[in-house]
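Dear colleague,

Please find below the structure that I am handing over to you, together with its sequence. My findings follow directly after it.

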Amino acid sequence: MAAGGADQRGNNAATTTFVVPAVALSLGKPMPRVGFGTATATLGQAEGRAGVTEAILRALDAGYRHFDTAAVYNTEASLGDAVVEAVRAGTVASRDDLYVTSKLWITDAHPGRVLPALHRTLQNLQMSYVDLFLIHHPVSMRAPADDEAEGAGPAVVVKKDLVAMDMEGVWEEMEECHRRGLARAIGVSNFSCKKLEHLLSVAKIPPAVNQVEVNPYCRQEKVRNFCRANGIQLCGYSAMGASGTAWANNSVMDSPVLKQIAHARGKTVAQVCIRWVYEQGDCVIVKSFNQSRMRENLHIFDWELTDDDHRKISELPESRGNYDFLIHESGPYKTAQELWDGEITAGQSNQTPLVSDD
């Protein structure tokens, strides 16, 4: 299960810079296998624009070249600022040396709103294109009446306003984003096999990526096999369970099995989780604004998990983070089983201030 392709420079963990291996996609340029996530528990509010920008600059110094953001994260502008500064300082030669992903929020997942949403994203990023543009969730939400013109949409999910997505209409506009060169690749996030199958039946340009939760407790074998069979790259987020967020799966970092494996390998639980996702052939989005941990999270390329490690992980009970905020008795998905098409077990619901029933 060798990693392959990792070029490591330097000997000191505090100063080592990595060239992260990349994987070819069906669209656009190759995607670095490890990316830096910018979603925060407060959607960027507590950290502030300057704080997020500083964290991204540290990540660039550490060797990250793949950055994941979204309209709803409130971090697109921070990422744009960081890239401008990194190019000015010579940390990277140009924006083209980076891989940037952003996502279409559910209030803009309607025909007629996709292109304007991407234009706002590009304005925030101070870029002429994104490398990958994803549909954030397989559901839409009615935008507030006072937002019909601008379309930014609130971070709050108003459950009674959840509606079924016009998948064909939305995907046609995603394809138009690609044709215009505004998104070099297009894809989806949080799609089950059944939803991917429906999308493939109407798509002229198939999705290049499906970004979903992946960790040792949410192994996603069914959707991974489906994606492999259909030329779609799986990209995992919440590799460590996203502890402290509204979508947390706290069983990951608290796992005695993962702690034992980490101790035996002389690694952290986070490194074991990231390495495990990497060994599945997935890309993985990691997130830490702590400078030491963000470097630590890249130290996964010169060692492997054993067959016994994989066996132990395969025996862990399946669970996942909370996505109850997309479920409502009047919405398109009334249960977690409907939302995820029965593919994986839903985790326990967490109360989150980002959700409203009203």
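Helix H1 passes helix H2 in a right-handed crossing. In this predicted model, H1 comprises residues 48–62 and H2 residues 76–89. Their axes come within 8 Å and cross at roughly 50°.

On the H1 side, the contact is formed by Gly48, Arg49, Val52, Thr53, Ile56, Leu57 and Leu60. H2 contributes Ala77, Ser78, Leu79, Asp81, Ala82, Glu85 and Ala86. Sorted by class, the residues of this contact are eight nonpolar, three polar and three charged.

I would also draw your attention to Tyr73, which carries the annotation "active site" in an unreviewed UniProt entry. Where does Tyr73 lie? Tyr73 is placed in the loop between strand E6 (66–68) and H2. Is Tyr73 buried or exposed? The relative accessible area of Tyr73 is 11%; since buried means under 20%, Tyr73 is classed as buried.

As to the protein as a whole, its secondary structure consists of 11 helices and 16 strands. Of its 358 residues, 58% are buried. When contacts between residues at least 6 apart in sequence are considered, 74% of them join residues at least 24 apart.

With kind regards

Notes
Residues are numbered from 1 along each chain as its sequence is written. This is a predicted model: local features need pLDDT of at least 70, side-chain atom pairs count only at pLDDT 80 or more; totals for chains, interfaces and linings use all residues. Side-chain values use heavy atoms; hydrogens and water are left out. Axes are lines fitted to C-alpha atoms, for helices over the stretch in contact, and angles run from 0 to 180 degrees between N-to-C directions. Helices (H or I, at least four residues) and strands (E, at least two) are DSSP runs, numbered from the N terminus. A crossing is left-handed if the near helix is turned anticlockwise from the far one by less than a right angle, and right-handed if clockwise. Contact means heavy atoms within 4.5 Å. Ala, Val, Leu, Ile, Met, Phe, Trp, Tyr, Cys and Pro count as nonpolar, Asp, Glu, Lys and Arg as charged, and the others, Gly among them, as polar. UniProt positions are given in the numbering used here, feature names are shortened, and annotations may be inferred rather than shown by experiment. Buried means under 20% relative accessible area, exposed over 50%, partly exposed in between (1.4 Å probe, protein chains only).
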